[in-house]
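Work through the exercises below with the sequence and the model side by side, and try each task before reading its solution.

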Amino acid sequence: MKIASFNINGIKARAGQLAEWLAEARPDVVALQEIKTVDEGFPAGPFEDLGYRVETHGQKSYNGVALLSRLPLDAISRGLPGDDADEQARWIEADVEGEKGVVRLAGLYLPNGNPAPGPKFDYKLAWMERMRARAAELRALEMPVVMAGDYNVIPTDDDAARPEAWTEDALARPESRAAFRRILNDGWRDGLRERDGSAGLYSFWDYQAGAWPRNNGIRIDHLLLSPQAADRLTGAGIDRDQRGRDKPSDHVPVWVELDL
DNA sequence: ATGGTGGGGAGCCCA
């Protein structure tokens, strides 16, 4: 089972590129972030034509996540538990039925948190603690679970071309890295790192200041695996070439392959 | 130090 994550930065602007990438890469299921539309505005047709079922958790203008799957989905749920007053659409879950077994998949768009310090940074850290609580519940299922998405966290200095430029940024501040490590330390594995190391592998290049031609990238899109998922890991990768296309997202797809 | 580029959707907010 090939599971991917892709922050498409606006599905309406990216439907064509996404459909072409799906036809080439043929992931079984994709977690999308920043669809930036309400559910009714999501252009599902092109993806359904490619055999994908579309499940959205949308929001007007900002955020919004979705799952696209050509395998059966079950037990779909929307929203990160732990704060009924939180209206930001950043979390969606489903069971994905593979040939050899079921994977619980969470697609997530973790808050950016800039400027830090400030209320947005406080929201990010509080959201990460809520995520940690949900992750603990998922891990207790003792089944293959994948949490895939834009984490907006640069885990270590190896995950940035210019780490010194990010030291004060919400993506790399010690509090953000510590919160990410706390989740990992509860028993999750970083799929990209697990496979063949990840130093110098990036998933995001800013639109500004020539970040892409200079390869001034960062790795902030991650797939965290429960132990039962990690035991089935057979491959992982980043589809870096997508960043060089016309009108690209500032993120590229990241993926893992599981024997399931 | 500053400003540089995008998406969404209608004047800025967000990244």
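Helices (H or I, at least four residues) and strands (E, at least two) are DSSP runs, numbered from the N terminus. This is a predicted model, in which local features need pLDDT of at least 70, side-chain atom pairs count only at pLDDT 80 or more, and totals for chains, interfaces and linings use all residues. Residues are numbered from 1 along each chain as its sequence is written, chains are lettered from A and ligands numbered from 1 in the order in which they are written, and side-chain values use heavy atoms, with hydrogens and water left out.

**Exercise 1.** Find the strands across which helix α4 lies.

Solution. Locate helix α4 at residues 174-185, and then see that this helix lies across β8, β9 and β12 (221-225). Its direction is at about 25 degrees to β12, where axes are lines fitted to C-alpha atoms, for helices over the stretch in contact (heavy atoms within 4.5 Å), and angles run from 0 to 180 degrees between N-to-C directions.

**Exercise 2.** Decide whether Tyr 109 and Asp 150 are buried or exposed.

Solution. Begin with the cut-offs: buried means under 20% relative accessible area, exposed over 50%, and partly exposed in between (1.4 Å probe, protein chains only). Tyr 109, which lies in strand β7, has a relative accessible area of 8% and is buried. Asp 150, placed in strand β8, is likewise buried, at 2%.
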